Amino acid sequence: MNKDLPPPSDNPQAPPGHPSVRSLPEQDRDDSEDPWKLALEGSGAGVWDWNLLTGAQKHSKRWEELLGYEAGELDKGYQEFITRVHPDDLAALNAAVSAYLEGRAPRYAIDVRLRCKDGSWKWILSRGMVVSHDAQGRPLRMIGTHTDITERKRTEAELRELNLQLGEKSRLLETTLASISQGIFMIDADQRVSTFNPRVCELLDLAESLLATRPTLQEITLYQLERGDFGPDASLVDGHARNYLAAGCEGDVPDQYLRVTPAGRTLEVKTQNLPSGGMVRTFADVSDYVQAETARKQLNQLLDATQSIARVGGWEADIANDKVFWTAGVYRLLETSPEEYAPTSATSKHFFTPAARALIKASYADVVKQPTTHDLELEMITAKGRHIWVHSLGTTTWAQGRAVKRTLMLQDITESKQAEAALRENEERWKLALESTGDGVWDWYIQSGEEFFSKRLKEMYGFGEDEILNRADAFDARTHPDDLAQLQTDRQAHFDGLTPTYINEHRVCCKDGSWKWVLTRGMVISRDAAGKPLRMIGTHTDITDRKRSEALIWQQAHFDALTGLPNRNMLRDRLEQEMKKSKRDGLQLAILFIDLDHFKEVNDTLGHDSGDLLLVEAARRIRSCVREADTVARMGGDEFTVLLTEVPDASGMERILQKLLQALEAVFQLDDELVFVSASIGITVYPLDGAEIEDLFKNADQALYAAKGAGRNRFSFFTPALQEAAQTRGRLANDLRTGLASQQFRVVYQPIVEMASGAIHKAEALIRWEHPTRGTVSPAAFIPIAEASGLIVDIGEWVFQQAAQQVQQWRVALNPHFQISVNKSPVQFHQSAKGNPPWGGQLRAMGLPGDSIVVEITEGLLLDTGASVANQLLALHDAGVQVSLDDFGTGYSSLSYLQKFDIDFIKIDQSFVRHLVAASTDLALCKAIIVMAHELGIKVIAEGVETAQQRDLLAAAGCDYAQGYLFARPMSAPDFEAFMARSI
């Protein structure tokens with residue numbers, strides 16, 4: 001039986017050292033008539049006989065029958081047995097045999113599974129014992145029995161399953177009743193305590209030493225009465241048991257009663273009489289159960305009230321046993337009561353309309369897939385004949401291809417269904433009304449992507465009723481690529497709740513390939529619990545004709561009809577933008593006035609048609625001489641204007657000017673005529689020659705006349721301005737180097753007023769230069785020179801230190817939160833002041849918090865992609881220093897950078913404030929800037945406020961702060977303190 005022992009052999013030999021010759025004959029004798037073997041066979045057991053030396057085994061007839069074989073049908077050998085042992089039992093079998101044969105186990109007995117003739121497995125109890133040993137005491141022969149214990153094993157498995165079920169039920173009971181633990185008294189026939197457990201001592205507050213003396217039940221009860229355990233007149237005990245306890249446990253014994261301990265716990269006392277005359281009394285702490293039962297009743301009441309409020313009920317149908325159970329909620333829904341109606345499978349169907357019954361039947365018609373859930377909206381008829389709609393959620397249990405149990409939750413949705421019907425009817429009316437205006441209507445179910453388009457909408461683009469899919473992406477795919485991004489942005493803004501309605505203008509590709517401009521408007525009409533949009537409706541309006549008209553009007557208003565060049569209006573717009581850009585970036589721009597020499601003679605001699613041809617060709621030649629970024633405009637007649645941007649110096653301009661003169665003096669072929677003209681050019685430079693557009697135009701016009709007066713076919717600069725500027729720059733650059741050391745600079749402070757309160761706890765530090773011979777020099781004159789020369793680094797450092805010292809004083813004298821703004825040039829971000837720590841470190845050294853200083857920067861600085869600027873701005877933020885974006889809106893759009901960098905304030909440039917009046921474009925821009933800033937958590941300061949009207953408009957728009965001459969001009973520190981004293 002041990003697979004590790006050698007198998008039988010034709011010439012078995014004893015292992016070395018085994019004196020077995022004497023034992024073999026005894027082992028090989030015929031035991032068929034052995035009475036003990038016959039007795040075992042009669043008991044139903046199969047007998048086996050194992051020669052441990054040879055491995056040979058003999059099996060009885062009953063052994064073979066156990067496995068389903070006829071007697072003699074199996075080869076009687078070890079292999080016949082071992083190959084039938086279940087693989088999972090083989091190791092345990094070997095271990096049991098080895099342990100017994102090696103003397104480590106007193107007996108051999110093990111349960112194993114053997115494979116029967118039909119392939120099934122049968123549990124066998126295998127037992128055996130060694131019946132022969134050699135001279136050294138080693139086992140030679142072993143006999144045993146195999147007993148069929150399959151039925152016992154099956155019973156044990158069933159018992160284990162039952163135990164598991166009982167255990168599960170016990171756990172469920174423990175969860176429900178919060179774990180019941182009992183105390184026990186065993187009372188003998190003499191009414192004395194014979195046995196008790198520690199729990200009873202705990203529950204009854206009795207000492208174990210007392211119970212160990214085996215007192216009588218009466219003695220224990222009297223002790224408890226004297227101690228007051230049962231309360232006055234046994235009031236803490238159920239009424240039917242009070243007399244029994246008050247009498248010292250004399251009289252009829254109540255089977256069960258409840259009592260409350262002095263500690264407030266509730267005990268359930270049960271008594272079971274024993275045949276011997278004694279009894280068993282148990283004490284169970286049911287306090288948690290009593291409380292849970294009270295809570296359960298409250299919960300049932302709450303559940304019933306909740307179902308009533310929510311108009312919900314539960315329905316369970318035991319289809320197999322033809323039973324139906326309704327909760328109170330269903331009775332309420334169907335306007336009946338348990339007293340009036342008892343539901344059955346047959347009668348309860350009549351509460352559903354035929355359509356509802358068909359829908360339910362169809363939901364569970366597939367007996368192959370056996371659907372287990374449903375989610376339906378059904379029409380029902382109440383007991384009073386009223387039609388209602390319910391939302392039914394349910395589960396179904398199947399057995400042998402049939403539904404045997406169904407559980408439903410019903411909720412009355414009659415009102416919502418009626419509302420939906422009214423909404424659909426209303427929608428249809430609105431759709432019809434919109435269609436009558438010529439608009440196309442769309443209805444989009446956002447989560448599924450399904451979108452329905454009205455007939456008129458499809459016709460608008462040349463499609464028939466079934467020629468385009470009812471999908472949202474069907475028209476998105478036909479949107480012009482240049483318009484798609486803005487469409488998606490506007491749509492997402494409405495989805496996110498940023499806009500009350502969705503409005504967008506875009507082009508759509510029609511069926512014939514043409515493009516049509518449409519105005520689409522829409523609104524989300526339903527969202528889910530998380531706020532995500534579910535459904536949206538809207539319209540398409542054909543605005544193609546309007547767009548054509550607008551484009552034509554704009555073209556005529558901004559471009560010359562003859563040459564296609566920008567006209568005076570467009571030139572002025574571009575010049576304004578380029579001047580802002582130049583101011584921001586510190587670059588120059590040039591304005592060229594070009595007049596064609598002798599053009600009047602061409603018109604007079606060849607006619608206006610030839611003159612027009614010459615103008616068109618002249619425009620082409622001028623355009624070819626400049627860069628794409630430059631602007632060429634026709635001012636009227638034979639006058640052209642060129643706007644050259646980012647001009648580095650005069651020598652660079654001269655190359656362009658010579659190229660223009662050469663291009664325009666070349667022969668013009670006008671039909672059959674050859675015409676020669678030339679050009680005179682006047683040049684002015686911004687900002688050196690002037691800061692206003694009209695001044696620049698006047699300068700360029702004067703230079704043009706100077707060129708014509710000098711003989712034409714030449715160019716002339718606005719010479720006085722250029723010469724004076726060059727001389728001034730040279731002198732100022734030299735004077736700047738000594739100005740700081742000679743203490744020629746001073747800092748003045750302009751108040752920044754809080755709009756809401758009028759309080760002043762902020763100011764801007766501004767530098768002034770008191771030149772010994774020139775007097776006060778404007779910062780606009782010397783700051784660009786200082787930046788170009790790098791002196792701005794030391795000057796800016798000096799201004800910061802002056803401001804830091806001043807704010808330290810004013811935080812004590814004026815306001816503990818006073819704040820001074822200091823301008824910091826882009827040059828200072830690229831060149832650090834030698835020997836000076838960062839500004840945040842200097843403030844800490846002075847004992848000042850970072851928010852005592854605000855650093856003002858320009859928009860152009862944020863366009864710098866280098867890491868140095870970003871790191872310095874981050875260092876300022878980490879030090880608590882706030883950052884203000886100066887002259888906002890005058891340069892490149894930097895909206896994306898407001899989120900990339902930590903900006904605390906933006907300052908609306910005075911160019912927006914200067915002409916601020918009600919209903920103006922400037923006011924609209926200011927409002928937009930303020931709303932945008934506040935949405936990003938940024939405060940707004942308006943510069944250049946000079947009138948009460950400007951102040952009031954800005955305050956109404958929600959602007960946070962303002963500064964300007966209306967409040968005060970920049971002033972010295974003592975004057976500022978006097979101003980603050982007067983303002984209190």
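View 1. The model is predicted; local features need pLDDT of at least 70 and side-chain atom pairs count only at pLDDT 80 or more, while totals for chains, interfaces and linings use all residues. Residues are numbered from 1 along each chain as its sequence is written, and side-chain values use heavy atoms, with hydrogens and water left out. Strand 28 (residues 745-754) and strand 29 (residues 760-771) are antiparallel over nine bridges (strands are DSSP E runs of at least two residues and helices H or I runs of at least four, numbered from the N terminus; pairing requires at least two DSSP bridges). Five residues separate the two strands in a hairpin, and G758 in the turn has a positive phi of about 80 degrees.

**View 2. Strand 28 also joins strand 36 (residues 961-962) through two bridges, running antiparallel.** Y961 is the bridge partner of E754. Because eight of its ten residues are buried, strand 28 is largely enclosed by the rest of the structure (buried: under 20% relative accessible area, with a 1.4 Å probe and protein chains only; exposed: over 50%; partly exposed: in between).

**View 3. Helix 5 (residues 87-101) has 15 residues.** Its buried residues include D89, L90, L93 and Y100. The buried residues of helix 5 pack against strand 1 (46-51), helix 4 (78-82), strand 3 (108-115), strand 4 (121-133) and strand 5 (139-148), contact being heavy atoms within 4.5 Å. Just after helix 5, G103 has a positive phi of about 85 degrees.

Conventions: Expected span 1.5 Å × (residues − 1).
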